[in-house]
Amino acid sequence: MSEPQLKVEDLRVAFATPRGSVQAIDGLNISLEQGETLAIVGESGSGKSVTVRTVMNLLPSTASIEGNITFDGLDLRNVPKDRAKHLWGVDVAMIFQDPMTSLNPVKRIGSQITESMRYHLKYSKGQAKAKAIELLTQVGIPEPEKRMRQYPHELSGGMRQRVVIAMALACEPKLLIADEPTTALDVTVQKHILDLLGELQRERGMSMILITHDLGVAGGRADQIAVMYAGRIMEEAPASTIFSSMRHPYTEALFESIPSVSDPSHTRLTPIPGRPPDLLNLPTGCRYAARCRYAQVSCTEALPSLESIGTNHSVACYLPVGSSAAIDARAQNEAAGVTAAGLDLHSNMEIL
Amino acid sequence: MVLALILIAFAILAIWVVRVAGWRFALQRLGGSSLIIVLVTFATTWLLRQVPGDPCLTALGTGANQEAVDLCRLERGLDKNVFAQYWSWARDVLSGDLGFAFYKNRETLSNVLQARGPRSFWLFVYGQTIALLISVPLGIWSAYQANRVPRKIPVWLLPIFLVATLALAITGGWTLSAIIVLAVLVPLAIFYGLRGGPAGDALVNTSAFALLSIPVFVIGETFRYIFAIERDWYDLIGYRSWGDGVGAHLSSVWLPALVLGLSVTPVYLRLLRSDMIQNLQQDFVAVAKAKGMSNRHILFRHVLRPSTLTLLTVAGLNIAQIINGAIVVEFIYDYDGMGSYLIAAVARREFFPIQTLVALVAALFVFANTLIDVVYTTVDPRVSAGDDK
């Protein structure tokens, strides 16, 4: 197999803060084939956004970054200056979470879409305008000529996100990163935007990284799903595999917390007890041990690494769900009422 | 000539206001402004009558006999009540008679405006221009540097520096030590500041703060001493008009204009800087970076425009501040503009010219701020003046 299009190896990102160093990403590996979609799933603060911002070279200068990022054979951490000028925004583009703030309120839609084509591809005004109108039509905006002269506040949230997508596609990127593109939108609009993204991706043969905290969103749209927790990947598998045979206790807990439509009304949700670890002061063992029903002493002693357990399926756990060791561990914890990491299994769950 | 041009400029601006914001807005503002001007001038009229002193007495001299003073007061209508006086003054002004001074040769305010108006006008224009020319680029630079990585200053310098200071203080006394410390520290700070980063921002910001805390008359007197008395860079021979040549004109106003400009620079600079810093944190800046736009493009095309709103507001309100400053500066530089005329007029209790001048300043202030309300709409499309759209 040829080299993957995007390869992130052993990425570590830390931010210096007055209270100490915050380890946002801790030994992360990603690889993405041309034309594929990778979904990164995780709760807030798990490092999803930091990962893609590192790839986009958008981190503030206070961040210290270690590890390798290769895109199309190019070392992204060390790009020659003249190449760097026309790389981000051209070959790799990104869509942000909130369309309400992603657009400059005092610039016309038209100039915001055309500026990158004018700057990177040296298009003439007329060329850029024609291309922008074409893009707006593709992302499903009616009356594109009229929209070009409007300001962002004259459009609805869904329309704005379409404009943001058109903006990102302006220079025909090979890789599109979508950082929670639908979180700020209504549910009905969410579906439209996700369908649109999928369609555009297929037409253009782009690769895509889709960041979301919604497993349902990831399931239908991604080829590969990576579950992140506290700066590390816990489990990575093809979408179908992860739904049918997830192996990490965290993934399992995530699935259990999804309410089912068939449940009667007012069924209590099943939360994951506790809260994510403090990134200023990470535990020595598994990052999830403190909230895990299976946790044993070994889990709190050393960090499990991400091991391959099947085709494209890897998991970072000593006691993968379904293994006999895991079943024993859980039974033992249930009997004791408390896990080796000190999680009380019988008290009312702490909901935060 | 210049006055005619100013009037034409005002007319064009007024037409623009009507075109952008509509008749309704223009008429509303005109109504509001008229009310403000009436209130301000009436307050001035009333206050002037409460202040001890009498224009007739000043004009005729303290030795004048009572009949002459009474006659003078009768002729000027000063024996009537405040309302009657205000009414007759307002009628005169509206019919084009701006009033005259009692003192000496009864110089009319129209003549004074013709002779001195342009001087103050140019002083004001140049002062404001200088302030913007300094504050806008520096404000942008400063805001940009504030977000960059700090350059590392070697840590071992600090203990060495402390020990050296202490050693100096013990051997040579505190005064010498302080002088040497300052002589080392200040250039060092400037050196680090000029290399950019947060130190550069701090340098600009601290300098602006220092400048802000120095009163205009101190800057004015200091510069006069340095540039006009110690060196020959500025002639204190007074204003020369455009007719005397551009060089002569500019060399006759540059120093007072610079002082006036410097007095408002730090206000503009700090406002622009803080707005820029705030806007640089906005999502659309990250989006523009993700689009691969250059830093310069982002600063000038994305961040500058939305960052000028506060600056505009304050520039409008600051007109009063600048007029105050101009009066002080004109006084220091013996610059025969409207400011020094106003000081003399107040000293002699020239009631009617003062009232007219106050009315003019109020009108200018209100007009400029109306104009800025309309400029908002072109800077930020989300704002609309009037309701015709």
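A salt bridge is a side-chain nitrogen of Lys or Arg within 4 Å of a carboxyl oxygen of Asp or Glu. In this predicted model, E115(A) and K291(B) form such a pair, and their closest N and O atoms lie 2.8 Å apart. Across the interface of chain B and chain A, the rule finds 1 salt bridge. Polar contacts were also examined. Between chain B and chain A, 11 residue pairs are in polar contact, with both residues at pLDDT 80 or more.

The side of chain B that touches chain A draws on helices. Both α11 (283-290) and α12 (295-303) of chain B supply at least two residues each. The most comes from α11(B), which gives 6 residues. By class, this side of chain B has 9 nonpolar, 5 polar and 8 charged residues.

In terms of contacts, 22 residues of chain B meet 26 residues of chain A. The area buried between chain B and chain A is about 2000 Å². Carbon and sulfur atoms give 62% of that area. Three residues stand out on the chain B side. A290(B), K291(B) and P381(B) supply 28% of the area that chain B buries against chain A, more than any other three residues. K291(B) is also the partner of E115(A) in the salt bridge.

The nonpolar cores were considered next. The largest has 76 residues. Those with the most contacts inside this core are L6(A), I113(A), I165(A), L176(A), I177(A) and I209(A). Helix α7 of chain A, residues 157-169, gives the most to this core, with 7 residues.

I177(A) illustrates the packing of the largest core. Neighbours within four places in sequence are left aside here. I177(A) is then in contact with V52(A), V55(A) and M56(A), among others. Its contacts also include V92(A), A93(A), M94(A) and I95(A). I209(A) is one of its partners as well.

Backbone geometry was examined in two loops of chain A. Most residues other than glycine have a negative phi. N57(A) is not a glycine, yet its phi is positive, at about 60 degrees. N57(A) sits in the loop between α1 (48-55) and β4 (63-71) of chain A. K122(A), also a residue other than glycine, has a positive phi near 55 degrees. K122(A) is found in the loop between α4 (109-120) and α5 (125-138) of chain A. The relative accessible area of K122(A) is 57%, over the 50% cut-off, so K122(A) counts as exposed.

Terms used: Residues numbered from 1 in each chain as written. Chains lettered and ligands numbered in written order. Predicted model: local features only at pLDDT ≥ 70, side-chain atom pairs only at ≥ 80, totals over all residues. Heavy atoms only, no water. Core = buried A, V, L, I, M, F, W, Y, C linked by side-chain atoms within 4.5 Å. Buried < 20%, exposed > 50% of the residue type's maximum accessible area, 1.4 Å probe, protein only. Helix = DSSP H or I, 4+ residues; strand = E, 2+ residues; numbered from the N terminus. Contact = heavy atoms within 4.5 Å. Buried area = accessible area lost by both parts, 1.4 Å probe. Polar contact = N/O pair within 3.5 Å; in protein donor to acceptor, adjacent residues only side chain to side chain. Nonpolar A, V, L, I, M, F, W, Y, C, P; charged D, E, K, R; others polar.
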